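Work through these exercises with the model open beside you. Try each task before reading its solution.

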Amino acid sequence: MSTQREAVLVLLKEFFEARAVVVSEADFESFDFIAAGVLDSFEVLSMIMHIEAHLGLSVPPELLLEPRNAQVGCFVDAIVALA
């Protein structure tokens with residue numbers, strides 16, 4: 001696993017845990033945060049801003065329109081592809 005991918009995974013895991021969303025390590029990459037309804041629209045925006053602030057990237061909102069990016073692992077891959 002690339003260092004950048006691992007850093008994004010850790011960043012997202014910390015983000016979810018700070019909001020009391022606890023997912024096992026084994027299930028984290030396949031976790032569908034949209035279907036689970038654990039983040040409202042404000043929290044999704046906060047997540048994007050959190051990623052942008054920590055990684056210095058611009059994350060286009062269209063990234064979340066892709067249904068597969070609702071899974072943490074796919075979303076991480078899409079973020080890493082932006083770098």
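**Exercise 1.** At what angle do α1 and α3 pack, and how far apart are their axes?

*Solution.* 
Step 1. This is a predicted model. Its helices α1 and α3 pack at an angle of about 130°. Their axes are 9 Å apart.
Step 2. Classify the angle. Roughly perpendicular covers 65 to 115 degrees, and roughly antiparallel means over 145. α1 and α3 are therefore oblique to each other.
Step 3. α1 and α3 make a right-handed crossing.
Step 4. List the contact. From α1 come Q4, R5, V8, L9, L12 and F16. From α3 come V72, G73, F75, V76, D77, I79 and V80.
Step 5. Sort these residues by class. The contact of α1 with α3 holds nine nonpolar, two polar and two charged residues.

**Exercise 2.** Which residues of helix α3 are buried, and what do they pack against?

*Solution.* 
Step 1. Helix α3 spans residues 72-82.
Step 2. Its buried residues are V72, G73, C74, F75, V76, A78 and I79.
Step 3. The buried residues of α3 pack against α1 and α2.

**Exercise 3.** Is R5 buried or exposed? Find what R5 touches.

*Solution.* 
Step 1. R5 lies in helix α1.
Step 2. Apply the cut-off. Buried means under 20% relative accessible area. R5 has 14% relative accessibility, so R5 counts as buried.
Step 3. Look at its neighbours. Leaving aside residues up to four places away in sequence, R5 touches E29, G73, V76, D77 and V80.
Step 4. Pick out the polar contact. The side chains of R5 and E29 make one, at 2.7 Å.

**Exercise 4.** Describe how α1 packs with α2, giving angle, axis distance, hand and contact residues.

*Solution.* 
Step 1. Set the limits. Helix α1 covers residues 3-18, and helix α2 covers residues 41-55.
Step 2. Read the geometry. The two helices, α1 and α2, pack at about 140°, with axes 11 Å apart.
Step 3. Classify the angle. Over 145 degrees would be roughly antiparallel. α1 and α2 are therefore oblique to each other.
Step 4. The α1 and α2 crossing is right-handed.
Step 5. List the contact. α1 supplies V8, L11, L12, F15 and F16. α2 supplies E43, S46, M47, H50, I51, H54 and L55.
Step 6. Sort by class. The contact of α1 with α2 has eight nonpolar residues, three polar and one charged.
Step 7. Relate the spacing to helix geometry. An α-helix has 3.6 residues a turn, so residues three or four places apart point the same way.

Technical notes: Residues are numbered from 1 along each chain as its sequence is written. This is a predicted model: local features need pLDDT of at least 70, side-chain atom pairs count only at pLDDT 80 or more; totals for chains, interfaces and linings use all residues. Side-chain values use heavy atoms; hydrogens and water are left out. Axes are lines fitted to C-alpha atoms, for helices over the stretch in contact, and angles run from 0 to 180 degrees between N-to-C directions. Helices (H or I, at least four residues) and strands (E, at least two) are DSSP runs, numbered from the N terminus. Angles under 35 degrees count as roughly parallel, over 145 as roughly antiparallel, 65 to 115 as roughly perpendicular and the rest as oblique. A crossing is left-handed if the near helix is turned anticlockwise from the far one by less than a right angle, and right-handed if clockwise. Contact means heavy atoms within 4.5 Å. Ala, Val, Leu, Ile, Met, Phe, Trp, Tyr, Cys and Pro count as nonpolar, Asp, Glu, Lys and Arg as charged, and the others, Gly among them, as polar. Buried means under 20% relative accessible area, exposed over 50%, partly exposed in between (1.4 Å probe, protein chains only). A polar contact is a pair of N or O atoms within 3.5 Å; within protein, one must be able to donate a hydrogen and the other to accept it, and residues adjacent in sequence count only if both atoms are side-chain atoms.
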